[in-house]
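Please read it alongside the sequence and coordinates.

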Amino acid sequence: MRLGAPILENRWVRLEPLSDAIREEVRAAISVDEAAWSIMVSNGYGAAFDGWFDGRAGHMARGGGPAYAVRDQASSRIVGTSSLHDLVPEHRRVELGSTVFHPDARGTAINPASKRLLLQHAFDSGIIRVEIITDAVNARSQAAIAKLGARREAVLRRHKITWTGRVRDTVMFAITDEDWPEVRDRLDDRLAAFA
């Protein structure tokens with residue numbers, strides 16, 4: 001199983017696979033909020049951006065799953081990134097993450113619209129489980145994931161080491177193919193409110 005990286009779009013966003021052609025637009029979108037990067041596993045802020053970008057693009061090229069830039073359809077501006085990554089083909093499982101948005105895009109239709117496209121792509125491609133994980137200290141992220149309709153499953157203690165050296169606990173959520181119809185309808189209802 002391989003997850004392709006087609007352009008995905010809806011009324012609110014256009015998801016474009018990471019490429020050198022849009023590197024500077026992505027930099028302008030996500031290398032602006034140093035505090036947001038402080039609790040991430042990897043760092044894409046400032047001088048660390050190119051290493052982060054090359055790592056995501058390389059992971060995609062090796063078949064790990066598509067990494068996308070998120071373009072706001074209204075402004076035509078790239079406002080963030082999100083990915084399907086760490087694909088496990090034999091179990092038809094993938095993680096949805098590496099989501100970083102410009103502060104101006106937070107709290108808008110951008111995140112649910114992006115998630116709607118990524119989840120549809122995953123399940124249409126034969127995925128049966130999409131995992132979404134976040135740092136246990138990131139209450140805002142946990143609330144956003146729960147709002148999507150993902151089910152909280154576990155806390156993985158001392159699961160990852162962030163780029164700052166902090167050992168983090170990880171909260172794991174998941175959406176399965178059996179959950180998808182309800183989650184899809186929930187996302188569509190949320191997006192209808194932005195129409």
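Leaving aside neighbours within four places in sequence, P112 is in contact (heavy atoms within 4.5 Å) with L187, R190, L191 and F194. The model is a predicted one, in which local features need pLDDT of at least 70 and side-chain atom pairs count only at pLDDT 80 or more, while totals for chains, interfaces and linings use all residues. Residues are numbered from 1 along each chain as its sequence is written, and side-chain values use heavy atoms, with hydrogens and water left out.

P112 is located in helix α4; helices (H or I, at least four residues) and strands (E, at least two) are DSSP runs, numbered from the N terminus. With a relative accessible area of 2%, P112 is buried, where buried means under 20% relative accessible area, exposed over 50%, and partly exposed in between (1.4 Å probe, protein chains only). A separation of 9.8 Å lies between the C-alpha atoms of P112 and I145, which are 33 residues apart along the chain.

Helix α4 has 15 residues and reaches 21 Å from its first C-alpha to its last, close to the 21 Å expected at 1.5 Å a residue; the expected span of a helix is 1.5 Å times one less than its number of residues. Because 12 of its 15 residues are buried, α4 is largely enclosed by the rest of the structure. The buried residues of α4 are I110, P112, A113, S114, K115, R116, L117, L118, L119, H121, A122 and F123. Just after α4, G126 takes a positive phi of about 100 degrees.

Helix α3 comprises 13 residues (residues 49–61), which should span 18 Å at 1.5 Å a residue; its end C-alpha atoms are 18 Å apart, in agreement. Within α3, the buried residues are F49, W52, F53, R56, G58, H59 and M60. Their cover includes β2 (13–17), α1 (23–30), α2 (34–37), β3 (67–72), β4 (78–88) and β5 (93–101). Just after α3, G63 has a positive phi of about 90 degrees.

Positive phi values also occur in residues other than glycine. S98 has a phi near 50 degrees and is found in strand β5; its relative accessible area of 26% makes S98 partly exposed. The phi of R158 is likewise near 50 degrees, and R158 lies in strand β7. R158 counts as exposed, at 63% relative accessibility.

**Salt bridges**

Side chains of opposite charge can pair when their charged atoms come close. A search of the whole structure finds 17 salt bridges, each defined as a side-chain nitrogen of Lys or Arg within 4 Å of a carboxyl oxygen of Asp or Glu.

| Pair | Closest N and O atoms |
|---|---|
| R14 and E16 | 3.1 Å |
| D33 and R106 | 2.9 Å |
| R151 and D179 | 3.4 Å |

The salt bridge of D33 with R106 links distant parts of the chain: D33 is in the loop between α1 and α2, and R106 is in the loop between β5 and α4 (110–124), 73 residues apart. D33 is buried, with a relative accessible area of 18%, and R106 is partly exposed at 29%.

For the salt bridge of R151 with D179, R151 lies in strand β7 (residues 151–161) and D179 in the loop between β8 (167–176) and α6 (180–192), so the pair ties together parts that are 28 residues apart in sequence. R151 is exposed, with a relative accessible area of 51%, and D179 is buried, with 13%.

**The largest pocket**

The largest pocket has a volume of about 1200 Å³. On a 1 Å grid over the protein atoms alone, a pocket is an open set of points where a 1.4 Å probe fits, with protein on both sides within 12 Å along at least five of seven lines; lining residues have an atom within 4 Å of a point. Grid points are joined across faces, edges and corners, and a volume is the space filled by probe spheres set on the points.

Of the 41 residues that line the largest pocket, M40, T99, V100, N138 and S141 are the closest to its centre. At least two lining residues are supplied by each of α2, α3, β4, β5, α4, β6 (129–135) and α5 (139–148). The lining divides into 19 nonpolar, 11 polar and 11 charged residues. Here Ala, Val, Leu, Ile, Met, Phe, Trp, Tyr, Cys and Pro count as nonpolar, Asp, Glu, Lys and Arg as charged, and the others, Gly among them, as polar.
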